[in-house]
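Reader: This structure is new to me. Please take me through it by question and answer.

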Amino acid sequence: MYETAIETIPGFRLDGGDRRFALRSATATAAAVVVDGRGRFELARQGETDLWAAVTPGVQVGDTYHLLVDGPTGPRHEFDPTRPLLDPYARGIVATSADGATDDAAGAPRWTSVVVDDGFDWGGVGKPEVPRDRAVVYEANVRTLTSANPAVPADLRGTYAGIAHESTIAHLQRIGVTTLELLPVQAFDTERWLREAGRENAWGYNTLGFFAPHAGHASAAARAAGADGVLREFKGMVRLLHEAGIQVVLDVVYNHTAEEGLGGPTTSLRGIDGANRYRWNDTDGYYDTTGCGNTLDTSVAATADLVVDSLRYWAREVQVDGFRFDLMAALARDADHVFDPEHPLLDRIRSHPDLQDTLVIAEPWDVGPDGWRTGSFGARTLEWNDGFRDTVRKFWLEDVADERRRGAPDTGIGGLAGALTGSRHLFGAERGPLSGVNFVTAHDGFTLHDLVSYDHKHNRANGEDDRDGSNDNRSFNHGIEGQTADRGVRAARGRSMRNLMATVLLSAGVPMITAGDERSRTQNGNNNAYVVSDDLTPVDWSDDEDAESMTETVAALTRLRAAHPALRPSRFGVPGQTTPSASRMTWYGPDGLPMTAEGWDQPIHRALQYFVESTPEHEPYDRVLVVVHGSGRTRDLTLPAREDVFAYRLAWSSEKHRDHDRHRPAGTVFTAYGPGIHVFEVV
């Protein structure tokens, strides 16, 4: 397959005195780049390739430009030699007017490409090295993370600079975050129907350009300095986070573009080579596996190259540490639209020399046929584990609600045990538990606070009559829908939040926290807050008692995880063998005796004790006892009597006000007062 060298990547190249521009289109018949104030440069096709190029003397950093492309008419073609188009490789993109003036019948904002200066003083700061077993991922929206933080100067709130502010970094360090995963920051647009309704896209899953940082997330001062100022602010954020030892991962959307479905705004690829950039069905309509109107065709070499070249740019020039691929299954479909786990693009992402030090995180599904592919992405790839999410929510919320409402849940504890130990059934011995990203909330769906406060979604603020957003939430309002002053309900909700968060942070795998969950952030029951509305609430930075308590809970749990390698194995163990960096597990029932077959599956048995020992490779030998009680009833549990254990000390409990200093001899009774997780260190 064609592999672009960094020197021949399309777009503008300003190397010394040589100025040149290149574009790829297999179907165009003519193309030009028009540089404002410099003139029009006709591009010439390079032999029989799809590459078009021209020397462009006089072009300077800060110049704005657009493309004009002509070609055949008919189905699958949208050529118009008079329509200004964005350069797909533009490293700077800005609106041509501050008010987002429109220039076509579809009402698309008029954007322009900008030549930028890639130079930046990194001050010798390199990428932090975070062992995967020690990673704690924090998924955040640039806008909502700091927009209400009074410690951040007002003009920097909700911006890249706001994230780089010392107060933001101190908070991330306090709660043990090693890896900041940002919702899309590549230049994006608001969907046409939202613009027509006077709304704004809040998340960014609508990419306009794959190389330029989104200008709307930069400070006013950076925007005033143009595309160069935006890029400098972004790089400055990366540098300061790296100085603090925090990795930066970008949520990237290479599965579709902001050009939407047929008839949508033609801003770039559709007008350059739409017949080859998008997937088509047999009737000359788009074959869409994203639900967003179009799907990029990564079985075409030029499209796959665009993805890889973009990744290389962000990894090398902007120094980001990794990528979370939105709807990654869509990138791995072949020319017949069939998912291929050995797709050439996946192999290039995993093996390219420029990407060897990057994290690769898959959202392992799309909405097309056979689109759910969790566990299918192979070596080097971490995958969002939606099975973990559903299992954990059901155990701590749905089942507890069923016990309260009907007297008994319908499942036992076996499913949760599989989640706690790394979902081996999904990732297998070869890949290991660190292939899974464990989470119970994400940007799409309820926040942690809302998950325990609402039985149903409340999405009317989105303007879709509550039709959008999932109806399968596995949530539990604990008796009252929404906000309440009832102390009993609030206490029960707090316990459930601690149980959910503890399961994420104490399970084998890579944990992910959604920004604001540690501050009890609410979206008022909106489980799809993708538009700017009153439900798009920022992270709460006030002195709220509940928020502060939850923050300390997260901090304590990440400290506990860091202190105990037994809780974060790198490999799955093999029965009868000693596997380095695995964990040796012994399971006990509520009576302190080895777990029985009946104990795993019977709904009445919703308690287990999980004695886990590390098999040292890089750290000292370690062992802990994790006690899980999944019932609202009070129950006496006998701590396992083992010859190698004298006593246990309670290190953490989701029940408040437990005695943590007392040593409990092995074989004694520990009383669980309702649903909870309790972690004992061995003394």
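Reader: Which helix provides the largest share of the lining of the largest pocket?
Author: On a 1 Å grid over the protein atoms alone, a pocket is an open set of points with protein on both sides within 12 Å along at least five of seven lines, whereas a cavity is a set where a 1.4 Å probe fits but cannot get out; lining residues have an atom within 4 Å of a point. Helices (H or I, at least four residues) and strands (E, at least two) are DSSP runs, numbered from the N terminus. With 4 residues, the largest share of this pocket's lining comes from the helix spanning residues 386-406, H10.

Reader: What pLDDT do local features need here?
Author: Residues are numbered from 1 along each chain as its sequence is written, and side-chain values use heavy atoms, with hydrogens and water left out. This is a predicted model, in which totals for chains, interfaces and linings use all residues, side-chain atom pairs count only at pLDDT 80 or more, and local features need pLDDT of at least 70.

Reader: How many charged residues line the largest pocket?
Author: The pocket has a volume of about 1,100 Å³, a volume being the space filled by probe spheres set on grid points joined across faces, edges and corners. Among its 36 lining residues, Trp203, Thr290, His443, Asp444 and Asn528 are the closest to its centre. Ala, Val, Leu, Ile, Met, Phe, Trp, Tyr, Cys and Pro count as nonpolar, Asp, Glu, Lys and Arg as charged, and the others, Gly among them, as polar. By these classes, the lining has 11 nonpolar residues, 12 polar ones and a charged group of 13.

Reader: What is the volume of the largest cavity?
Author: The structure holds 6 cavities of 30 Å³ or more. The largest cavity is lined by 16 residues, with Asn141, Thr144, His443, Thr514 and Arg521 nearest its centre. By class, 7 of the lining residues are nonpolar, 7 polar and 2 charged. The volume of the largest cavity is about 150 Å³.

Reader: Is Arg519 buried or exposed?
Author: Arg519 is in the loop between strand E17 (510-514) and helix H15. A polar atom of the Arg519 side chain lies 2.8 Å from the backbone oxygen of Asp540; a polar contact is a pair of N or O atoms within 3.5 Å, where within protein one must be able to donate a hydrogen and the other to accept it, and residues adjacent in sequence count only if both atoms are side-chain atoms. Buried means under 20% relative accessible area, exposed over 50% and partly exposed in between (1.4 Å probe, protein chains only). Because its relative accessible area is 5%, Arg519 is buried.

Reader: Which backbone oxygen does the side chain of Thr207 reach?
Author: Thr207 lies in the loop between helix H4 (192-196) and helix H5 (220-224), and it counts as buried because its relative accessibility is 4%. Not counting residues up to four places away in sequence, Thr207 touches (contact means heavy atoms within 4.5 Å) Gln186, Ala187, Phe188, Val253, His256, Thr257 and Ala258. At 3.2 Å, its side chain reaches the backbone oxygen of Val253.

Reader: What is the phi of His478?
Author: Most residues other than glycine have a negative phi. His478 lies in the loop between helix H13 (448-451) and helix H14 (487-506), and it is buried because its relative accessible area is 4%. Its phi is positive, near 60°.

Reader: What is the relative accessible area of His657?
Author: His657 lies in the loop between strand E22 (647-653) and strand E23 (663-665). Although not a glycine, His657 has a positive phi of about 65°. His657 is exposed because its relative accessible area is 80%.

Reader: How far apart in space are Ala164 and His456, C-alpha to C-alpha?
Author: Ala164 is found in helix H2, and it counts as buried because its relative accessibility is 11%. In sequence, Ala164 and His456 are 292 residues apart; in space, their C-alpha to C-alpha distance is 36 Å.
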